[in-house]
Amino acid sequence: MITSRKRFLDALACQNSDRPPVWLMRQAGRYLPEYRALKQKHDFRTMVKTPDLATEVTLQPLQRFPTLDAAILFSDILVIPEALGVDYRFRDQGGIELERTVRSEEEVNALQAEGTAERLSYVGKALQQLRSELREETTLLGFCGAPWTLALYLVEGGSPGEGRNLRELLYRAPDAARILREKITAACSEYVKLQCQSGADAIQLFDSWASLCPADFYEEWCLEPIRQIIRSCDKPSIFFSRGAASRLNEQRSVKSEAIAIDWSTPLALARDTVGPSIAIQGNLDPLILETDPASVRAAARRILDDRKGDPGFIFNGGHGLSPKTRIDCVEALLDTIQG
Ligand code: CP3
């Protein structure tokens with residue numbers, strides 16, 4: 001029998017001859033009653049920082065849907081701003097708020113990249129615990145935000161809108177912008193290395209706001225830092241540069257094993273652009289999981305037909321799941337893929 005882990009690692013190596021591996025969970029916990037119940041007792045940050053709780057939340061989706069091929073660590077990309085010295089919180093009405101903004105050269109200089117791995121050692125502990133509790137056959141994914149997206153949160157002080165303040169910083173204070181980029185990249189590199197050493201099978205790098213990067217800065221801000229981070233990691237990586245399909249050809253140059261495709265981009269176009277030797281992951285519109293099982297089955301079928309025989313395809317959402325995701329829709333999805 002092919003194990004989930006083998007199926008996943010084979011797909012990352014573009015050598016999978018079985019059905020595509022599938023995983024889903026990105027900020028996904030919220031739609032599960034068992035997650036909401038735990039959150040009644042502990043706040044988000046406590047759960048992230050307590051290895052026993054982070055382990056429990058990570059395992060929840062697998063307990064409910066045992067046929068998922070991978071578990072993704074429960075944490076958040078915002079642990080990097082926190083490790084650099086800027087706390088975060090979620091607003092009650094939705095959205096993110098950082099304790100302060102980072103815009104001047106002085107504020108950039110005050111960020112502390114050294115020691116990130118020590119400050120985030122609780123993540124290493126959670127991964128080790130997960131590795132020992134997960135069945136050997138299940139893939140364990142770590143993740144990290146990409147420097148461009150993390151810079152947006154730091155400079156904008158929260159959810160980035162159109163990224164006006166960071167874009168302005170690029171033009172008005174290029175030195176401060178460079179130092180900011182270098183510090184975030186150094187922190188991410190330490191963090192990803194820690195995750196690789198602690199039992200993650202692969203690492204996903206989320207550039208969720210790549211669409212806000214001005215064209216002239218995409219290489220310097222979105223590709224080169226990712227190359228650097230990938231060099232610090234001895235496990236396969238999955239690169240997600242959301243809203244930047246026009247740069248897919250260049251994304252190949254970071255040399256990640258897989259490129260994640262958002263829901264606005266045709267998978268066949270992505271495959272043609274990246275060529276046969278990089279895996280592609282995606283790209284069901286997660287919104288469909290709020291509708292009904294029949295619609296989900298039809299949409300999943302279309303993707304499966306489109307990617308039939310593709311040895312480097314990983315089935316995933318084209319972005320994270322919303323709190324309104326229906327459990328019967330997730331069941332219908334897994335059923336259709338695993339049929
Ligand atoms: O699926 C999982 O639970 C895995 C863990 C995970 C979380 N966040 C937990 C979380 C992962 C992989 C993330 C990644 C993440 N976080 C990204 C990159 C992926 C993407 O969506 O593009 C980004 C941009 C963030 C920042 C973030 N954290 C956002 C935008 C939100 C939603 C805020 C809101 O109010 O809508 C979060 C919160 C968050 N992260 C939750 C979870 C389970 C929900 C917290 C809650 O309400 O309980």
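Q: How far does a polar side-chain atom of Lys 39 lie from an oxygen atom of the ligand?
A: In this predicted model, Lys 39 is among the closest of the residues that surround the ligand. A polar contact requires a pair of N or O atoms within 3.5 Å. The polar side-chain atom of Lys 39 lies from an oxygen atom of the ligand at a distance of 2.7 Å.

Q: Which residue has a polar side-chain atom 2.4 Å from an oxygen atom of the ligand?
A: Tyr 35 and Ser 208 are both listed among the closest residues to the ligand. For Tyr 35, a side-chain N or O atom is 2.6 Å from a ligand oxygen atom. The distance of 2.4 Å belongs to Ser 208.

Q: What percentage of the ligand's accessible area does the protein cover?
A: On its own, the ligand has 880 Å² of accessible area. The part of this area that the protein covers is 87%.

Q: How many nonpolar residues does the shell around the ligand have?
A: The ligand is surrounded by 24 residues. Of the shell, 7 residues are polar and 4 are charged. The number of nonpolar residues is 13.

Q: Which cysteines is Ile 80 in contact with, leaving aside its neighbours within four places in sequence?
A: Ile 80 is one of the core residues that touch the most other members. Its contacts beyond four places in sequence include Thr 116, Leu 120, Leu 150 and Tyr 191.

Q: Is Cys 196 buried or exposed?
A: Cys 196 has its place in helix α11, which spans residues 174–197. A residue is buried under 20% relative accessible area. Because its relative accessibility is 5%, Cys 196 counts as buried.

Q: How far apart in space are Cys 196 and Arg 178, C-alpha to C-alpha?
A: In sequence, Cys 196 and Arg 178 are 18 residues apart. Their separation in space, C-alpha to C-alpha, is 27 Å.

Q: Why does Gln 251 count as buried?
A: Gln 251 lies in helix α13, residues 248–251. Beyond four places in sequence, its contacts include Tyr 218, Leu 223 and Phe 239. The cut-off for a buried residue is under 20%. Gln 251 is buried because its relative accessible area is 2%.

Key:
Residues numbered from 1 in each chain as written. Predicted model: local features only at pLDDT ≥ 70, side-chain atom pairs only at ≥ 80, totals over all residues. Heavy atoms only, no water. Helix = DSSP H or I, 4+ residues; strand = E, 2+ residues; numbered from the N terminus. Buried < 20%, exposed > 50% of the residue type's maximum accessible area, 1.4 Å probe, protein only. Contact = heavy atoms within 4.5 Å. Near = heavy atom within 4 Å. Polar contact = N/O pair within 3.5 Å; in protein donor to acceptor, adjacent residues only side chain to side chain. Areas by Shrake-Rupley, 256 points an atom, 1.4 Å probe, with all protein chains shown as cover. Nonpolar A, V, L, I, M, F, W, Y, C, P; charged D, E, K, R; others polar. Core = buried A, V, L, I, M, F, W, Y, C linked by side-chain atoms within 4.5 Å.
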